[in-house]
Amino acid sequence: MATWRLPFLRRALLLSSPPPPFFHLSSFSSPLHHSHFKRTFLQCSSLSVEESTSSTTIQPEIPKAGRNSTWKPMCLYYTQGKCTKMDDVLHLEKFCHSCSVELGESISGLKNLREQEFDYFLVLDLEGKVEILEFPVLLFDVKTMDVVDAFHRFVRPTKMSERRIYEYIEGKYGSFGVDRVWHDTAIKFEEVIEQFEIWLRKERDGHIKKLWREEGDGRLNRAAFVTCGNWDLKTKVPQQCEVSGIKLPPYFMEWINLKDIYLNFYERRAPGMLSMMRELRIPPLGSHHLGIDDSKNIARVLRHLLTDGALLQITARRADASPERVRFLFQNRIK
Ligand SMILES: [Zn+2]
């Protein structure tokens, strides 16, 4: 997969015109393979309402990124390593080809940064209730406090008729205008896992520092999954592994539930991603419930927690002998 840090792309992003404030319904298309790839922007209306009603107690200072950023929708072919238009300037102007969290303040001068147990976090936010439909993972580098790589695949259900899949995808992704790219690119879960493991094996940081102890215990190496809630890794991945007839890979045996970190660090309960973002005054970007956009928003919350000085520790772990048993490591947690 191409690196995120091409200077040319950076310039293209900076030169592009900003999106309208609080993106309204709009769609666009571009020629060739993206001809039917249109995205609809649904700025989370619940948040907009609550932002405005909370102004009696808090200055309604919405961070700049929400109003006047260079935000644009991700190229969902690029995130899956399949964009063929990297030399098309118009295409690069329309679609984002970087997984950076896009909250550009410098991390130098931040006083609260603390030593972490992990070098990388793998931010994961699955989509799909019946079967997994989208598997996005963002690689967050603790040193740079940004997303430095991504693995993203749309996932084709195995136990559904074509007709049922069509209806399911229309209902789930039709409103975002990304159903076409889903149909163009989705592959079965077992293939996704194979490709994910190739991605895990990549050398990073210019020397051999792999994310995965493949030859050892099969766990991640100084890296941990970060999710918003326990559902993704406690429930959905094991369920899908069973449906797809594969063994639960050992790197899924433990994770960090960001809601529990948030609760213990700020001593406030936040039931979901949007409530955390609202309390931290981080504007959500993109389409809520498009997994890659939600993952980026979770990465923004993660970044905020880290720069405020939170220690990110494993919050849930499966027992080696009986993986169906999950132990929760924080006493104070969101249930
Ligand atoms: Zn592209």
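This is a predicted model: local features need pLDDT of at least 70, side-chain atom pairs count only at pLDDT 80 or more; totals for chains, interfaces and linings use all residues.
How far apart are the end C-alpha atoms of helix H11 (residues 291-308), and what span should its 18 residues have? Residues are numbered from 1 along each chain as its sequence is written.

**View 1. Helix H11 from end to end.** Helices (H or I, at least four residues) and strands (E, at least two) are DSSP runs, numbered from the N terminus. In H11, 15 of the 18 residues are buried. Buried means that 20 or more other C-beta atoms, placed from the backbone, lie within 10 Å of the residue's own. Glycine 309 follows H11, with a positive phi near 105 degrees.

**View 2. H11 against helix H9 (residues 258-266).** The two helices pack at about 30 degrees, axes 11 Å apart. Axes are lines fitted to C-alpha atoms over the stretch in contact, and angles run from 0 to 180 degrees between N-to-C directions. H9 and H11 are therefore roughly parallel, the term for angles under 35 degrees.

**View 3. Strand E3 (residues 146-156) and its partners.** Strands pair if DSSP finds at least two bridges between them. Strand E2 (residues 134-141) pairs antiparallel with E3 over eight bridges. Phenylalanine 154 of E3 is the bridge partner of glutamate 134. Strand E4 (residues 187-188) runs parallel to E3, joined by two bridges. There, isoleucine 187 partners valine 155.

Technical notes:
The expected span of a helix is 1.5 Å times one less than its number of residues. A residue is buried if 20 or more other C-beta atoms lie within 10 Å of its own, exposed if 12 or fewer, and partly exposed in between; C-beta atoms are placed from the backbone. Angles under 35 degrees count as roughly parallel, over 145 as roughly antiparallel, 65 to 115 as roughly perpendicular and the rest as oblique.
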